[in-house]
Amino acid sequence: MVGQPEPAVPKNDPKGPRVDVKDEKKKVKTPFSEFWKKFKKQRLALFAGIFIVLLLILAAIGPYITPYGSEEFDYDNILVGPSLAHWAGTDAYGRDIFSRIIAGTRISLFVGLCSVLLGATAGTILGLISGFYGKWLDSLIMRMCDVMFAFPGILLAIGIIAVLGPGLGNVIIAVSIFSVPIFARIVRSTTLAVKATLFVEATRSLGATNRRLIWKHIFPGTTSSIIVYFTMRIGTAILIAASLSFLGLGAQPPTPEWGAMLSSGRDYLNTAPHVTFFPGMAIFVTVLAFNLLGDGLRDALDPKIKD
Amino acid sequence: MLKYFVKRVVGIIPILIIVSVLIFLFVHMIPGDPARLVAGPDASYQDIELVREQLGLNESLPSQYFSFVGNIFQGDLGTSLKTKRPVFDELATRFMPTFWLSVWSMAWAVLIGLLIGVISATNRNNWKDYLGMFGAVSGISLPSFWLGLMLIQLFSVKLGWFPTGGLDSWKSYVLPSLTLGAGVAAVIARFTRSSLMDILKEDYVRTGRAKGLRERKIVWDHSLKNALIPVVTMTGLQFGFLLGGSIVIETVFSWPGLGRLLIDSVSFRDYPVIQACMLLFALEFILINLVVDLLYGVMNPQIKYE
């Protein structure tokens, strides 16, 4: 599924033909400037990227700027609908939902980033080993991936939670294990493609060690697909973590986690639908931003990568 | 052709074995003593030893595994810790509702997904394409449990068209299957679009246009058939997504299926039921993928004549 990536060939060779400094600015194409030229045409992805940066800032400073504390009870204003005082209304304890959503940004982004980072690191190493060394190591790692894929979707995560017990920390572990086989497969297939190219053979014949070949020459060739999947998987990871919390297996009340907040609003669906509506909207918009950014990165980095 | 079939069927055997080993080891990975868990918190030392003897936990791991597999083939999946009933009976009534829910979700997801995909691919880069693809990426990003709750709020609470949950009549299927199918429809739409766009670049499509065939005939008769080959494989994988998603959706709609049983069992730490549910979900997914692979062999002439 993954196409042959462009090997990162340095195009601004210092020993190459001299170019006038003025012209150089126009002509030199670094991999990044090529990428940026294509990426900035994708308005939606650019917008999503800016939104994600804003979310990250909000995650860092959010709790200091919210109008109310995330644990601030107000029994005079229980289950009040959206108003000027409470933009997203209040929940069953009179807590301001808007403030809690902002406080929850930190949790969701942390869980998403952490679990995908762990899963992608392990998966990338396994994929590089599998693709580079081949033979029995390859069969072993790929069979392991097949087995993990045999537990569809959220099931593997639920199984891991059943062993480790509920909790946000265990959700991170479960979701990162869930991400390992996907990265292993993608990196393996890209590794195979890069390994077959002439420049790798040339480097090998110059006497490069295996370790040098993998890290200096093959790994850089796999980064574009890793970046694309990394972005998209964060969205999925946030969704799965929220689902697990919704099911009562992840963050426990009163943690202002979006999935847990949504779950607590289920009992008031008839009288106060805003308690479920706004946290769900927060999950949706955040995941959408990561998916749009992932789509844009894919089109800019390697259009051959499919969904 | 026969060779391809045999290869596929034989190929799943090692996966089945490893999956069963993993699920068998599951109980042994849980921190704590499984015999104590089964016997209950107030059991005496003798009781625990008795349970250990009954469960065969004194024997070596390999021999325990073989009796575990042997029991599965005899339909003996152990006893539920919560209800003290055989796990097999617990699962028997739960299997079909989950199965039908996933089938209905898949049916409409394929229908809608294909339609959006074809419309987007044939209207490339105009508003129909953008609308379809923005809808699709939104569908992938929607938290299914939230979509379900919002549909309940609108169609059950406000309009009263469909029940809020449970399984009574065909009406009960509408909201859960719509919720569950939304994400899959979105994936199928995206995949169909890119696959069909690749095919529409082929020479034979240009030939068809050159000899004056109608665009509709080119798309629906000549191109779609070839574009569907990768879509079929994708759809098989999405069945897994559906099965996993059904766990969440069943909780939202109080659906009497396997998924809700699994979640209830996780909260009660009812390990024999968890084991059986995981086994059944994995088995169903492996079998569906086998069927999809075989279907792929029938559909793809390159494999047929190999």
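1. L16(B) lies in helix 1 of chain B; helices (H or I, at least four residues) and strands (E, at least two) are DSSP runs, numbered from the N terminus. The model is predicted: local features need pLDDT of at least 70, side-chain atom pairs count only at pLDDT 80 or more, and totals for chains, interfaces and linings use all residues. Residues are numbered from 1 along each chain as its sequence is written, while chains are lettered from A and ligands numbered from 1 in the order in which they are written.

2. A residue is buried if 20 or more other C-beta atoms lie within 10 Å of its own, exposed if 12 or fewer, and partly exposed in between, with C-beta atoms placed from the backbone. From C-alpha to C-alpha, L16(B) and G75(B) are 17 Å apart in space, and 59 residues separate them in sequence.

3. Chain B contains 13 helices and 0 strands. Its C-alpha atoms fill a box of roughly 85 × 55 × 30 Å along the principal axes. Of the 306 residues in chain B, 37% are buried.

4. Among contacts in chain B between residues at least 6 apart in sequence, 71% join residues at least 24 apart. Two residues are in contact if their C-beta atoms, placed from the backbone, lie within 7 Å.

5. Where chains A and B meet, 42 residues of chain B are in contact with 38 residues of chain A. Helix 10 of chain B gives the most to the side of chain B that touches chain A, with 8 residues. The residues on this side of chain B divide into 32 nonpolar, 9 polar and 1 charged. Here Ala, Val, Leu, Ile, Met, Phe, Trp, Tyr, Cys and Pro count as nonpolar, Asp, Glu, Lys and Arg as charged, and the others, Gly among them, as polar.

6. An unreviewed UniProt entry carries the annotation "domain: ABC transmembrane type-1" for residues 95–292 of chain B. UniProt positions are given in the numbering used here, feature names are shortened, and annotations may be inferred rather than shown by experiment. Over residues 95–292, chain B is 84% helix and 0% strand, and the end C-alpha atoms are 21 Å apart.

7. Chain B has an average pLDDT of 83, and 97% of the residues score at least 70; pLDDT is the predictor's confidence in each residue, from 0 to 100. For the complex, the predictor gives an ipTM of 0.84 and a pTM of 0.84.
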